[in-house]
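I opened this notebook to keep track of what I look up in a structure that is new to me. The entries follow the order in which I went through it.

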Amino acid sequence: MTRKTFHVYPSDKAWVVQKEGASGKKFSTQRQAIEAAREIARSQASGQVVVHGQNGQIREHATYGMPPIQDPPKKSSAAKRIRRAVGTVALKRVKATSTSARLSKK
Amino acid sequence: MFAVYDLGFKARCALEDDDAGEVRLAKIERIIEECRFGINDLSAVELDAVTGLPRFNMPLELGMFFGCKRFGPANQKKKRTLVLDREPYRYRQFISDIAGQDIRAHDGNPERAIREVRDWLQATSKRSGLPGGGEIIENCRRFQTDLPTLCAVAGLEPDRLTFIDLATMITDWLRSNR
C-alpha cells in the first residue's frame, strides 16, 4: 500500500522532504521544505506531513484529505521518550529505504 | 483501539486515568457522559475458571450507556452504540433484552473486529475520507511489528504499557507512518 506520509528532516545543513520508499528532495531552509511537503500532500487525494527535529523527534504534524489523529485523553509521563522513539524509528526506515532504492538503481 | 485512532476518533477507557482517588464507576460514568459513540465488546463475557461466575463489567457498562442515552439530557440522545460479540446471537443466552440493537459478530478475529468498527463508525458518524478496513489492518500489522523496537528505544516494556502509553505510541506512530 502506498505511504501517505511526507517526512521533513534536517540533513547536512539542509532540509529534506521524503516519503518512505522514495528518494528525497533537498531544500536550503526548513520553511521551504515544509511548504514543499504541504504542497505535495495537498495535491494528492490524501496525505500527511510530519516535521522531525534534530534528534528525529516529531515536532509538527498536519493532514490533508485524511482524518487528523486525535491526541490521547491524557498526557503520558513517557510522552517525550515515546515521541522521540517513534520519530527516530520512522526516520531511520525512511532513510534506509532511500538508500536501498539508490542501490537497486545501480 | 488502533482502528479508533486511525479513523480519527479518540479511544477512551476507565484505565486512561490512574487517579486512585476516583471510584472506577465514577470514571466510567464520566467517560460515558462525554462520549457520543460507544463500542462494547461482549466477547469477554466468559465464566471465571475459579469462581464459575461470569465477569459482567462490559454488559453493566453497556446498560449504563443505554441508560444515559434514554434518561440523560437532550445532548445525550445522540449517543450511538455498537455491540460486538464473538458469535452471532450468543448474547441471547445471557442478555437477550438487547435484541434489536446494533449487534455484530467478529468470530474472535481482530481483523474482522476492525472492519466492523470501521464500517459502523463511518456509517454512524457520516464522516468522509476515512481509511478502508484493509488499510487499517495493514497499518495495525505494521505497528505491531514496530512495537517491540519502539518500546526498546523508549525504554518501556511492551507487556507493561499503560493505556495512555499505548495510546501515545499509536497516535505518534500513525502521525509518522500512514
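**Entry: the core.** I began with the largest nonpolar core, which has 57 residues, and I found that A:Val8, A:Val86, B:Val117 and B:Ile170 touch the most other members. A nonpolar core here is a set of buried Ala, Val, Leu, Ile, Met, Phe, Trp, Tyr and Cys residues joined through C-beta atoms within 7 Å. A residue is buried if 20 or more other C-beta atoms lie within 10 Å of its own, exposed if 12 or fewer, and partly exposed in between, with C-beta atoms placed from the backbone. Helix α6 (residues 163–177) of chain B supplies the largest share of this core, 8 residues. Helices (H or I, at least four residues) and strands (E, at least two) are DSSP runs, numbered from the N terminus.

I noted for myself that this is a predicted model, in which local features need pLDDT of at least 70 and side-chain atom pairs count only at pLDDT 80 or more, while totals for chains, interfaces and linings use all residues. Residues are numbered from 1 along each chain as its sequence is written, and chains are lettered from A and ligands numbered from 1 in the order in which they are written.

Leaving out residues up to four places away in sequence, A:Val8 touches A:Trp15, A:Val17, A:Ala33, A:Ile34, A:Ala37, A:Val49, A:Val51 and A:His52. Two residues are in contact if their C-beta atoms, placed from the backbone, lie within 7 Å.

**Entry: the sheet of chain A.** I then traced an open sheet of 5 strands in chain A, with the order β3-β2-β1-β4-β5 and mixed pairing. Two strands pair if DSSP finds at least two bridges between them. Because β3 (25–27) and β5 (58–64) of chain A stand at the edges with a single partner strand each, one side of each is left without a neighbour in the sheet. Axes are lines fitted to C-alpha atoms, for helices over the stretch in contact, and angles run from 0 to 180 degrees between N-to-C directions.

Strand β1 (residues 5–11) and strand β2 (residues 14–19) of chain A run antiparallel and are joined by 6 bridges, and A:Phe6 has A:Lys19 as its bridge partner in β2(A). Helix α1 (residues 30–43) of chain A packs on the sheet and touches β1, β2, β3, β4 (47–52) and β5 of chain A, its direction making about 165° with that of β4(A). I also saw that α6(B) packs on this sheet, touching β1, β4 and β5 of chain A, with a direction at about 65° to that of β5(A).

**Entry: where the chains meet.** How many residues does each chain bring to the contact? Chain B gives 32 residues and chain A gives 30 residues. On the side of chain B that touches chain A, the elements that give two or more residues are α5 (133–154) and α6 of chain B, and α6(B) gives the most, with 12 residues. By class, that side of chain B has 13 nonpolar, 8 polar and 11 charged residues; Ala, Val, Leu, Ile, Met, Phe, Trp, Tyr, Cys and Pro count as nonpolar, Asp, Glu, Lys and Arg as charged, and the others, Gly among them, as polar.

I looked up A:Arg81, which is found in helix α2 (residues 79–105) of chain A. A:Arg81 is partly exposed, because 18 other C-beta atoms lie within 10 Å, and, leaving aside its neighbours within four places in sequence, A:Arg81 is in contact with B:Ala154 and B:Gly155.

**Entry: the sheet of chain B.** Chain B has an open sheet of 3 strands in the order β1-β2-β3, with parallel pairing. Its edges are β1 (37–41) and β3 (103–105) of chain B, each with a single partner strand, so one side of each is left without a neighbour in the sheet. Neighbouring strands here are turned by 25° against each other on average, direction ignored. β1(B) and strand β2 (residues 80–85) of chain B run parallel and are joined by 5 bridges, and B:Gly38 has B:Thr81 as its bridge partner in β2(B).

Helix α4 (residues 110–125) of chain B packs on the sheet and touches β1, β2 and β3 of chain B, with a direction at about 165° to that of β2(B). In α4(B), I listed B:Ala113, B:Ile114, B:Glu116, B:Val117, B:Arg118 and B:Leu121 as buried, and what covers the buried residues of α4(B) includes α1 (2–6), β1, β2, β3 and α5 of chain B. Just after α4(B), B:Lys126 takes a positive phi of about 60°.

Entry: Leaving aside neighbours within four places in sequence, B:Gln76 is in contact with B:Cys68 and B:Lys69.
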